[in-house]
Amino acid sequence: MRSTDQQPAHPDAEVPAEHEVPEELRLAGEFPVTTREQWRELLAAVLRKAGREGLPDAVEDVLRVPVATGVTVAPLYTAEDAGDLPTAVGVPGLAPFVRGARAGAAGGDVPGGWDVRQRHAHPDVAGTREAIAADLENGVTSLWLVLGQGAVPVDALGDVLTDVYLDLAPIAVQGGVPAAEAFLALAEGRELAPGGSLGLDPIGEHAASGRPQDLTGLADVARRAAAHPGLRTVVVDATVYADAGASVVEELGCSLAAGVAYLRALTDGGLSVDEAFGQLEFRYSASADQFTTIAGLRAARRLWDRVGQESGAAPDVRAQRQHAVTSTVMTTKRDPWVNMLRTTVACFAAGVGGSDVVTVQPFDAVLGLPDSFSRRIARNTQSLLVEEAHLARVLDPAGGSWYVESLTESLAQAAWTWFTEIERAGGLAAALDSGLVRDRLAAAWDARVERLAHRTDAITGVSEFPNLTERLPVREPAAEVRAGGGLPRVRAAQAYEELRDRADAAASRPRVYLATIGPIARHTARATFAGNLFQAGGLETPSGDGAAGLAGAGTTVACICGTDRDYAESAATLAADLRAAGATQVWLAGKPSQDVDGVDGYVYAGCDALDVLRTVHEQLGVTA
């Protein structure tokens, strides 16, 4: 312990040599310099050992992974990949707004954080009023109310908001002109908190329903909304395209095309360019692919600033206002509790990406109307990230990352190309009517489905690590708020969940017998892999040594599990034994290169799992 009479060192005292700070501080100074070429040589050696031949000079291209249409990510990024992008993107609060729309706290409008917005669509007025009160008392800072058939009744808006201080909590409504009119009537003569929205999105309605909409009245509504500073008229809801299977590229491109169409409608109706820009808010999906979400939000602001430049808008109105909503596409009905983890990652990405407003969908939203517990978890997810993780204290924390800057640039370039293609087709409305948008989104979704089928895009709790004994929570059914006839709605887990539903509906649980070869230490890895794959289709996987357990397994489908050496020695004999014991279909946990006589198919990493599962279902008589 330091004695009380010891005096602190004088600030001008000589610093011992061992404590001197060098003029140039190299964090990796203790390590030898490594070049990209050395890394490539090591990577090539590993790939050749794994059987890969004919490698390109840029060997990292072999490991590139697609994240959006025409955009892939590499396993390594260096300063040369980002070039001068970290400098070109500017600073937060200034054009091109890549690093954020404001120079203040992340999210801007809410001190110390972003706007935490909760969605409500329950038709029970009393229940919704109670849920709103609970939200506002426990961390929610604004409300998103879905009005209309099957949701909150339009004529009950005043009752639902009876206890809400409209000058404190921004309100965003959704439900077309009737919802906007109801809110304007309620707000007449009252002060409103800035940040709310009338939620008009006729082009989004066109996309969802297939019915063209009239945009000529938008300017009139905008002039009425101008009586309430900070109240926006139009929401460019890009989640309509994301829910139809769009990648981030299509989502961004369609949002730009919709935004430009609204600018034209508003200025044709008499608003100035700057006034028109101030009437738009953009709604994007945030997924568990955190870096693509972060880069996508950053790219969206850059692209909208470019539109503002071309339109002659003042720099201070070109900052895009963003509302990020956790993705419906990534949400699962099976093992829905994993959705809490997905939405946490997505919310993190939305915050880091600089979104002004964030909505976390409750984990049970795809099952029906959320209950009080799931709404609580949704809002507390945001509170934890803001209050405990202090995520909003850092402006654009991903900025300067060679990976993020490069990905932001790639997404922006690809989305701008798609946007200009839409414009050449006559604008978004014309592209919707011609089928251009539908076909492009279908192609993007088909590419994703291929990755899902091969489980290169894994879905935890569904295509990976399924739980056949789970008991799903029961929720009140939610009404479909989007009319049919337009773009489809898809979810990543839907194909696997359909197979699970079929298996659950069977008179008895269908099974695949895992016939193991050799000691447990040798067959465990492949037996576990095969069991995981078959269970993804709702199939139980009893196991046993050889063919002896087939009769007691209650199935006619078997899968041989062992090592390559075991297969070479005895797999063909075991396949024959299984057929003699009653097997009508025999699989092998290994690649087709094993080429075992008597085997009908192979299950391995990268195989088409959905095709395998459908084949087994058909063999076992499991029907829809």
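Contact is taken here as heavy atoms within 4.5 Å, and helices (H or I, at least four residues) and strands (E, at least two) are DSSP runs numbered from the N terminus. The structure is a predicted model, in which local features need pLDDT of at least 70 and side-chain atom pairs count only at pLDDT 80 or more, whereas totals for chains, interfaces and linings use all residues. Residues are numbered from 1 along each chain as its sequence is written, and side-chain values use heavy atoms, with hydrogens and water left out.

In H12, the residues Gln290, Thr293, Ile294 and Leu297 meet Val345, Phe348, Ala349, Ala350 and Val352 of H13. This contact divides into 7 nonpolar, 2 polar and no charged residues, where Ala, Val, Leu, Ile, Met, Phe, Trp, Tyr, Cys and Pro count as nonpolar, Asp, Glu, Lys and Arg as charged, and the others, Gly among them, as polar. H12 spans residues 290-311 and H13 residues 338-352; the two pack at an angle of about 30°, with their axes 8 Å apart. Axes are lines fitted to C-alpha atoms, for helices over the stretch in contact, and angles run from 0 to 180 degrees between N-to-C directions. Angles under 35 degrees count as roughly parallel, over 145 as roughly antiparallel, 65 to 115 as roughly perpendicular and the rest as oblique. H12 and H13 are therefore roughly parallel to each other. Their crossing is right-handed, a term applied if the near helix is turned clockwise from the far one by less than a right angle, with anticlockwise giving left-handed.

Among the residues that make the contact are Leu252, Cys254, Leu256 and Val260 of H10 and Leu411, Trp416, Trp418 and Phe419 of H15. The residues of this contact comprise 14 nonpolar, 1 polar and 3 charged.

The chain as a whole has 22 helices and 15 strands, and its C-alpha trace spans about 85 × 80 × 65 Å along its principal axes. Of its 624 residues, 50% count as buried, meaning under 20% relative accessible area, with exposed over 50% and partly exposed in between (1.4 Å probe, protein chains only). Of the contacts with a separation of 6 or more, 76% are accounted for by residues 24 or more positions apart.

A nonpolar core is a set of buried Ala, Val, Leu, Ile, Met, Phe, Trp, Tyr and Cys residues joined through side-chain atoms within 4.5 Å. The largest such core has 108 residues, and Leu161, Tyr241 and Leu428 have the most contacts inside it. H10 supplies the largest share of this core, 13 residues. Another core, of 51 residues, lies apart from it and includes Val462, Ala530, Cys559 and Val603. Beyond four places in sequence, the residues touched by Tyr241 include Ile203, Ala207, Cys254, Leu428 and Leu487.

Two further residues were examined individually. Leu432 lies in H16 (residues 428-434) and is buried, with a relative accessible area of 14%. Beyond four places in sequence, Leu432 touches Ile203, His206, Ala207, Val437 and Leu487. Its C-alpha atom is separated by 7.9 Å from that of Gly210, 222 residues apart along the chain. Arg424, in H15, is exposed, with a relative accessible area of 64%. The C-alpha atoms of Arg424 and Ala225, 199 residues apart along the chain, are separated by 32 Å.
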